[in-house]
Amino acid sequence: MAKKKDKGIQDSLIPDEITPLQLLPLSAAAGAIKKAASAFRVKAARLLECEDKAEYIEKYKGISPYVEALYDADAAAQHIIDEATLMDDLMTYPTDTRRRIMRDDLERSFDPFHGLPTTDDGEDGGEAVDPNTGEIK
């Protein structure tokens, strides 16, 4: 029977740390996700005639469920590429990437209404939004 190795007091107080070298193989996995989504977008682009669904609908006055599914899948693939890029950045440069994410979150918090009208300027149907409470007046 193997003897159980006792951990010292210090080892029980500090959890195991993940090192930058342990993150690098995950970067390759994120790159594989990005590569697959990119390949999908290239193949989808050969089938899609217009830039987006709205342009297609305007040109042909309608859209079939199959064409719409392809446009939606292409958009989803772009989101996957964006997220895989973020995953790769997090695994390669964790501190700098977290700092960028936090800065972006902070900047978005300064504009909670994201450009929506907050006063009665006559362009929003007569309704005004109180910027402090979010209530429609």
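Which side chain does E68 meet in a salt bridge? The partner is K53, with 3.4 Å from N to O. A salt bridge here is a side-chain nitrogen of Lys or Arg within 4 Å of a carboxyl oxygen of Asp or Glu. E68 lies in helix α4 (residues 65–92) and K53 in helix α3, so their contact ties together parts that are 15 residues apart in sequence.

Before going on, a word on the model. It is a predicted one, in which local features need pLDDT of at least 70 and side-chain atom pairs count only at pLDDT 80 or more, while totals for chains, interfaces and linings use all residues. Residues are numbered from 1 along each chain as its sequence is written, and side-chain values use heavy atoms, leaving out hydrogens and water.

**The overall fold**

The protein chain has five helices and zero strands, giving the pattern α-α-α-α-α along the sequence. Helices (H or I, at least four residues) and strands (E, at least two) are DSSP runs, numbered from the N terminus. Of the 137 residues, 13% count as buried. Buried means under 20% relative accessible area, exposed means over 50%, and partly exposed is in between (1.4 Å probe, protein chains only).

**Salt bridges**

The count comes to seven salt bridges. Three of them are set out here.

| Pair | N to O distance |
|---|---|
| E68 and K53 | 3.4 Å |
| D89 and R100 | 3.1 Å |
| D96 and R99 | 3.0 Å |

E68 and K53 also belong to a network of salt bridges that takes in D72. Both are partly exposed: E68 has a relative accessible area of 31%, and K53 has 26%.

The side chains of D89 and R100 meet in another salt bridge. This pair links distant parts of the chain, with D89 in helix α4 and R100 in helix α5 (residues 94–109), eleven residues apart. D89 is partly exposed at 21%, and R100 is partly exposed at 45%.

D96 and R99 sit three residues apart in helix α5, so about one helical turn separates them. D96 is partly exposed at 42%, as is R99 at 41%.

The structure holds two aromatic pairs. In one of them, the rings of Y56 and Y60 have centres 4.8 Å apart and planes at 45°, so the pair is tilted. Rings of Phe, Tyr and Trp (its six-membered ring) pair if their centres lie within 6.5 Å; planes under 30 degrees apart count as stacked, over 60 as edge-to-face and the rest as tilted. Y56 and Y60 are four residues apart in helix α3, or about one helical turn. Y56 is buried, at 14% relative accessible area, whereas Y60 is partly exposed at 38%. Ring pairs join Y56, Y60 and Y71 into a cluster.

I57 is found in helix α3 as well, and is partly exposed at 37%. From C-alpha to C-alpha, I57 and E68 are 9.6 Å apart in space, though eleven residues apart in sequence.

**Patches on the surface**

Patches are made of residues with over 30% relative accessible area and no salt bridge; like charges are joined within 9 Å, and nonpolar side chains (Val, Leu, Ile, Met, Phe, Trp, Tyr) within 5 Å. I33, I80 and M87 form a nonpolar patch with about 240 Å² of accessible area together, an area computed by the Shrake-Rupley method with a 1.4 Å probe. I33 belongs to helix α2 (residues 20–47) and is partly exposed at 37%.
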